[in-house]
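Welcome! Here is a short tour of a protein chain, with the structure to look at as you read.

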Amino acid sequence: MLASLTVVGLPVLLGYYVRVVRAGFTESSLPAWDHGGEMYREGLGIAAVWLAHWGPVGLAIWAASRAAALQDAVRTSELTAFLLVVTGPLAALAWSFYVNSALLRVVVLRDLRAAMDVGEVADFTRRNLSNFGRLLVLLLPANGIAQASCCLAGIGLFPGSFWLACTFNYALGQIGRCDTSLPREASPPPETIAF
């Protein structure tokens, strides 16, 4: 987790999380830390997909906040502010379901183009809304445990955060395993890998 603070370490860590998702998909144990170059390459691909989905959202939020700062804040109605406060987090949650569906399809199918198939990703998200809800229920206590890990067991913040990320990614792989539309084979022959 500490290495993820660097430009080189983050893709390697993301590449390891790709392996954790595949382990969850195949119901196998956590993967080893080997083949660093492959982890780096896959991590760069996942980072690109993540930025392609969340980058425009971040720019839109920044532009909206700049526009609101330029206008008179007193003229903003209470109803508009309330709707933004309520719908903003719900929209972000729905978008995160969609983005995680896209990332899961990329990891399982080993093809970056799978993230751009909007219809398939939306269908996958719709079919697995209840599974994503269960994932949220799982992550609430896991997040509390990870944050308190340094106080509860003297583990430290970085190992606790790593454990939480592995828990999330393994559970994400399990969501993919529950969906019958994804191929059961998580490791296609090397010539078909499009990373």
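Is proline 183 buried, partly exposed or exposed? This is a predicted model, and in it proline 183 has a relative accessible area of 37%. Buried would need under 20% and exposed over 50%, so proline 183 counts as partly exposed.

Where can you find this residue? Proline 183 sits in the segment that follows α6 (157–178). Leaving out residues up to four places away in sequence, proline 183 touches Phe25, Val108 and Leu109. Take valine 108: it is 75 residues from proline 183 along the chain, yet 8.0 Å separates their C-alpha atoms.

Now turn to the inside. The largest nonpolar core contains 29 residues, and Leu104, Phe132, Leu135, Leu172 and Ile175 have the most contacts within it.

| Helix | Residues |
|---|---|
| α6 | 157–178 |

With 9 residues, α3 gives the largest share of this core. Another core, of 7 residues, lies apart from it and includes Tyr17, Met39, Ala165 and Cys166.

Beyond its neighbours within four places in sequence, phenylalanine 132 is in contact with Phe97, Asn100, Ser101, Phe124, Leu172 and Ile175.

Finally, a word on confidence. The chain has a mean pLDDT of 81, with 79% of its residues at 70 or more. Over residues 186–195, pLDDT stays under 50. Where pLDDT is low, predicted coordinates should not be read in detail.

Technical notes:
Residues numbered from 1 in each chain as written. Predicted model: local features only at pLDDT ≥ 70, side-chain atom pairs only at ≥ 80, totals over all residues. Heavy atoms only, no water. pLDDT = per-residue confidence, 0-100. Contact = heavy atoms within 4.5 Å. Helix = DSSP H or I, 4+ residues; strand = E, 2+ residues; numbered from the N terminus. Buried < 20%, exposed > 50% of the residue type's maximum accessible area, 1.4 Å probe, protein only. Core = buried A, V, L, I, M, F, W, Y, C linked by side-chain atoms within 4.5 Å.
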